[in-house]
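Below are some notes for a colleague who has not worked with this structure before. Please read them with the sequence and the model open.

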Amino acid sequence: QVQLVESGGGLVQPGGSLILSCAASGTTFKYYGMAWYRQAPEKQRELVATITRVSSTYYADSVKGRFTISRDNAKNMVYLQMNSLKPEDTAVYYCNAPETGSWGQGTQVTVSS
């Protein structure tokens, strides 16, 4: 099982940007697809973006054109660049490795003026 640790969350004003990072343990990271999910208060966890091992990407409609998922296999890292942030993007963001069932602990993103 791979261990995942997110970082980079925080408080940002509407229209601002943040980049989330997910550090993965192990030497087989490059073989896994990866995903970012988020969960807002009193809402179900939802898929934000995915990236395959060959860097094909998918985005939820709500973030398409504003968020970018990327990976660096040499560093065992996955990133989520978030631009033009909106208050409705406020949530705890989780890194996930679907093929292993692994989840990170989450990082809080708050978009507020």
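**Notes on the strands, the core and the aromatic residues**

1. In this predicted model, four strands make up an open sheet with antiparallel pairing, and their order is β1-β3-β8-β7. The edge positions are taken by β1 (4-7) and β7; each has a single partner strand, so one side of each is left without a neighbour in the sheet. On average, neighbouring strands of this sheet are turned by 15° against each other, direction ignored.

2. Within that sheet, β3 and β8 run antiparallel and are joined by six bridges. I19 has Q81 in β8 as its bridge partner.

3. Another set of pairings involves β4. This strand runs antiparallel to β5, with five bridges joining the two. β4 and β5 form a hairpin, and six residues lie between them. In the turn, E42 has a positive phi of about 65°.

4. β4 also pairs with β9, again in the antiparallel sense, over five bridges. Which residues stand opposite W36 in these two pairings? In β5 it is A49, and in β9 it is C95.

5. The largest nonpolar core has 30 residues. Those with the most contacts inside this core are M34, W36, L80, M82 and Y93. Two or more residues come from each of these elements: β3 (18-24), β4 (34-39), β5 (46-51), β7 (67-72), β8 (77-82), β9 (91-97) and β11 (107-111).

6. How many aromatic pairs does a search of the whole structure find? The search finds two. Ring pairs link Y37, Y94 and W103 into a cluster.

7. Two arginines lie over ring faces. R45 is over the face of Y94, at 3.8 Å from the ring centre. R71 lies over the face of F29, and the distance from the ring centre is 4.6 Å.

Technical notes
Residues numbered from 1 in each chain as written. Predicted model: local features only at pLDDT ≥ 70, side-chain atom pairs only at ≥ 80, totals over all residues. Heavy atoms only, no water. Phe/Tyr/Trp six-rings, centres within 6.5 Å; stacked < 30°, edge-to-face > 60°. Lys NZ or Arg CZ within 6 Å of the ring centre and 35° of its normal. Core = buried A, V, L, I, M, F, W, Y, C linked by side-chain atoms within 4.5 Å. Buried < 20%, exposed > 50% of the residue type's maximum accessible area, 1.4 Å probe, protein only. Pairing = 2+ DSSP bridges. Axes fitted to C-alpha atoms, helices over the stretch in contact; angles between N-to-C directions.
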